[in-house]
Amino acid sequence: EAGACGIAVIAGNTGGTTEAVCDNETGLIVDGDNPEQIAQAINRILGDTALRRRLGEQGRKRVCAKFTWEKSVDRIRTAIQKVARNARTD
């Protein structure tokens with residue numbers, strides 16, 4: 001949601017966040033269990049207006065290009081079709 005709003009993102013390096021956030025391109029990825037890395041990322045974004053704007057702009061572009069409802073439906077449809085094809089061959 002932050003990316004869709006053009007807000008710079010700091011994300012942990014677990015789960016699906018690395019699919020949604022590209023390190024130093026659309027946000028910063030840190031070890032979510034490392035408070036020092038989290039603090040450094042926060043300070044970096046707060047202290048660098050150009051970086052903050054660039055990450056936010058690139059994040060919004062990525063969300064708009066990759067994570068629309070239409071794209072999500074297409075990915076789900078493709079997955080369902082693949083499962084259905086595999087079920088017929090079993």
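Let me begin with conventions. The model is predicted, so local features need a pLDDT of at least 70 and side-chain atom pairs count only at pLDDT 80 or more, whereas totals for chains, interfaces and linings use all residues. Residues are numbered from 1 along each chain as its sequence is written, and side-chain values use heavy atoms, with hydrogens and water left out.

On confidence, pLDDT is the predictor's own score for each residue, on a scale from 0 to 100. The average for this protein is 92, and 98% of the residues score at least 70. Confidence is highest in H2, at 97, and lowest in helix H1, residues 17-20, where the mean is 83.

Which residues make up the largest nonpolar core? There are 7 in all: Ala8, Leu28, Val30, Ala41, Ile45, Leu51 and Leu55. At least two residues of this core come from each of strand E2 (27-30), helix H2 (35-47) and helix H3 (49-66). By definition, such a core is a set of buried Ala, Val, Leu, Ile, Met, Phe, Trp, Tyr and Cys residues joined through side-chain atoms within 4.5 Å. Buried means under 20% relative accessible area, exposed means over 50%, and partly exposed lies in between, with a 1.4 Å probe and protein chains only. In soluble globular proteins, nonpolar side chains tend to be buried together.

Alanine 8 touches Ile45, Arg52, Leu55 and Gly56, if residues up to four places away in sequence are not counted; contact requires heavy atoms within 4.5 Å. Leucine 51, in helix H3, counts as buried because its relative accessibility is 6%. Its C-alpha atom is 9.9 Å from that of threonine 26, a residue 25 positions away along the chain.

Next, the surface. Ile10, Ile42 and Leu46 make a nonpolar patch of about 250 Å². Patches take residues with over 30% relative accessible area and no salt bridge, joining like charges within 9 Å and nonpolar side chains (Val, Leu, Ile, Met, Phe, Trp, Tyr) within 5 Å. The areas come from the Shrake-Rupley method with a 1.4 Å probe, and for residues only the protein chains shown count as cover. Isoleucine 10 belongs to strand E1, residues 9-12, and counts as partly exposed because its relative accessibility is 31%.

How many salt bridges are there? The count comes to 1, where the criterion is a side-chain nitrogen of Lys or Arg within 4 Å of a carboxyl oxygen of Asp or Glu. Aspartate 74 and arginine 77 form this pair, at 3.1 Å from N to O. Both lie in helix H4 (residues 69-89), 3 residues apart, or about one turn of the helix. Aspartate 74 is partly exposed because its relative accessibility is 40%; for arginine 77, also partly exposed, the value is 42%.

Finally, the loops. Asparagine 24, in the loop between H1 and E2, has a positive phi of about 65° although it is not a glycine. Most residues other than glycine have a negative phi. At 34% relative accessibility, asparagine 24 is partly exposed.

Aspartate 31 occupies the loop between E2 and H2 and, at 28% relative accessibility, is partly exposed. Beyond its neighbours within four places in sequence, aspartate 31 contacts Asn13, Gln37 and Ile38. Its C-alpha atom is separated by 8.1 Å from that of threonine 14, 17 residues away along the chain.

Threonine 68 sits in the loop between H3 and H4 and is partly exposed, with a relative accessible area of 23%. Threonine 68 and alanine 4 are 64 residues apart in sequence, yet their C-alpha atoms are 9.8 Å apart in space. For threonine 49 in helix H3, the C-alpha separation from alanine 79, 30 residues along the chain, is 40 Å.

How values were computed: Helices (H or I, at least four residues) and strands (E, at least two) are DSSP runs, numbered from the N terminus.
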